[in-house]
Amino acid sequence: MAWVTISLRKQALKGRMNYISNRLMDLSQERESMQMSAGYAQSTMSAEKSLRLMQLGEAYANGLDEANKNGSLFSGNSNSQAFSNYMAFVQNYQQAEMDINSRFQMAEESQRKLISARETAISSEQEVLQSQLAAVSAEYDALEKGLESDIKRDTIKLA
């Protein structure tokens, strides 16, 4: 009758093996989905950054044209004052460009860190689940062999 107990345990182990296998598949799909989402987010951020830089360039060009038209950029008592005004205008543009670049760089770095942390967590969970699956499979195989031997031993032999 020990084979009945072994059969019940074997059934429980089979359920655990199925659960672990499904969880491993879910984690694999989550990793794949996360990588696809990260690629999409990266391309969206790149497009947004390009748009911001293009808008900044247009604003700079429009501001430069406007300053040239009304003479405010090059007005001053001397050429050095006009050059100073122009250089301040250029520095403001360059600072705005650096701000945009650094803002997007920080956002991309933050996203990379989040993805990396989640991938590490997924990898760790997969390793744990794979070792659990190996242990459960080994116990299942041992019970299978034990069940076979118990059935053979308990078989009524007719002479």
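Buried here means under 20% relative accessible area. K10 has a relative accessibility of 17%, so K10 counts as buried. Keep in mind that this is a predicted model.

**K10 and its surroundings**
- You'll find K10 in helix α1, which covers residues 2-70.
- The side chain of K10 makes a polar contact with the side chain of E144, at 2.4 Å.
- Setting aside residues up to four places away in sequence, K10 touches Y140, L143 and L147 as well as E144.

**The largest nonpolar core**
- In soluble globular proteins, nonpolar side chains tend to be buried together.
- The largest nonpolar core here is made of 13 residues, and the ones with the most contacts inside this core are L13, I20, L129 and V136.
- Helix α1 gives the largest share of the core, with seven residues.
- Take I20 from that list: once its neighbours within four places in sequence are left out, I20 is in contact with L129, L133 and V136, plus Q132.

**Q126**
- Q126 sits in helix α2.
- Is Q126 buried or exposed? The cut-off for buried is under 20%, and Q126 comes in at 14% relative accessibility, so Q126 counts as buried.
- Leaving out neighbours within four places in sequence, the residues in contact with Q126 are L24, L27, S28 and R31.

Terms used. Residues numbered from 1 in each chain as written. Predicted model: local features only at pLDDT ≥ 70, side-chain atom pairs only at ≥ 80, totals over all residues. Heavy atoms only, no water. Helix = DSSP H or I, 4+ residues; strand = E, 2+ residues; numbered from the N terminus. Buried < 20%, exposed > 50% of the residue type's maximum accessible area, 1.4 Å probe, protein only. Polar contact = N/O pair within 3.5 Å; in protein donor to acceptor, adjacent residues only side chain to side chain. Contact = heavy atoms within 4.5 Å. Core = buried A, V, L, I, M, F, W, Y, C linked by side-chain atoms within 4.5 Å.
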